[in-house]
Amino acid sequence: MYVCSCFGITEEQVREHAAAGACTPRQIASESKAGTDCGSCVRRIQGLLGRGSCPRRAALDQGEPPFAEAAPLPETASPAPAAPPDPVPVPAPAAAA
Ligand code: FES
C-alpha cells in the first residue's frame, strides 16, 4: 500500500529503509524523498516508524552506544603547509594632471 503518493513510496519501502537504519521521517525522506513534497504522508511515516520498526533505535533504547567505537587512525606524516598564493598586483592609480 502506498504511503507517499507524491513519490510512489510504499509501506514496505519505508519498512526496508527503517530496517536499514533510517529511524526518522527525515531519514526516510533522505533515502526515498517520501514526505518532501506535500507532506501529507509524514504522520503515516511516523506511525510506521513506531517503536520496534527501527533496530538501531531499539538498540539505543537499551543503552547501547549510537555508534561503534572507531579504531584510532594510524599516525601519518602531515604534508607541508601550502605556500600562500602570490599577491595580485594592483595597478597604481593614475596621477592627476
Ligand atoms: S504524499 Fe508524500 S510528500 Fe505528498
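Author: Buried residues make up 18% of the 97 residues in the protein chain, and please keep in mind that this is a predicted model. The chain has 4 helices and 2 strands, and from the N terminus on they follow the order β-β-α-α-α-α. Of the contacts with a separation of 6 or more, 48% are between residues 24 or more positions apart.

Let's start just ahead of the helices. Threonine 10 belongs to strand S2, which covers residues 9-10. With neighbours within four places in sequence set aside, threonine 10 is in contact with Met1, Tyr2 and Val3. Threonine 10 has 14 other C-beta atoms within 10 Å; a residue needs 20 or more to be called buried, and 12 or fewer to be called exposed, so threonine 10 counts as partly exposed. Its C-alpha atom is 10.0 Å from that of isoleucine 45, a residue 35 places away along the chain.

H1 takes up residues 11-19, and its buried residues are Val14, His17 and Ala18. Looking down the axis of H1, you would find these buried residues within an arc of 100 degrees, so they line one face of the helix. The buried residues of H1 pack against several elements: strand S1 (2-4), S2, helix H2 (25-32) and helix H3 (42-48). Just after H1 comes glycine 21, with a positive phi of about 120 degrees.

In H2 the buried residues are Pro25, Ile28, Ala29 and Ser32. Around the axis they cover an arc of only 100 degrees, which puts them on the same side of H2. The partners they pack against are S2, H1 and H3.

So how do the two helices meet? The axes of H1 and H2 come within 10 Å and cross at roughly 105 degrees. Since angles of 65 to 115 degrees count as roughly perpendicular, that is how H1 lies to H2. From H1, the contact is made by Gln13, Val14 and His17, and from H2 by Ile28, Glu31 and Ser32. Sorted by type, the residues of this contact are 2 nonpolar, 3 polar and 1 charged.

Some of these residues also belong to a wider group. The largest nonpolar core has 12 residues, among them Val14 and Ala18, Ile28 and Ala29, and also Val3, Cys4 and Ile45. S1, H1 and H2 are the elements that give two or more residues to this core.

Lysine 33 follows H2 and sits in the loop between H2 and H3. Most residues other than glycine have a negative phi. Lysine 33, however, has a positive phi of about 75 degrees although it is not a glycine. Lysine 33 is partly exposed, with 14 other C-beta atoms within 10 Å.

Note on methods. Residues are numbered from 1 along each chain as its sequence is written. This is a predicted model: local features need pLDDT of at least 70, side-chain atom pairs count only at pLDDT 80 or more; totals for chains, interfaces and linings use all residues. Two residues are in contact if their C-beta atoms, placed from the backbone, lie within 7 Å. The arc is that of the directions from the helix axis to the C-beta atoms. A nonpolar core is a set of buried Ala, Val, Leu, Ile, Met, Phe, Trp, Tyr and Cys residues joined through C-beta atoms within 7 Å. Axes are lines fitted to C-alpha atoms, for helices over the stretch in contact, and angles run from 0 to 180 degrees between N-to-C directions. Angles under 35 degrees count as roughly parallel, over 145 as roughly antiparallel, 65 to 115 as roughly perpendicular and the rest as oblique. Ala, Val, Leu, Ile, Met, Phe, Trp, Tyr, Cys and Pro count as nonpolar, Asp, Glu, Lys and Arg as charged, and the others, Gly among them, as polar.
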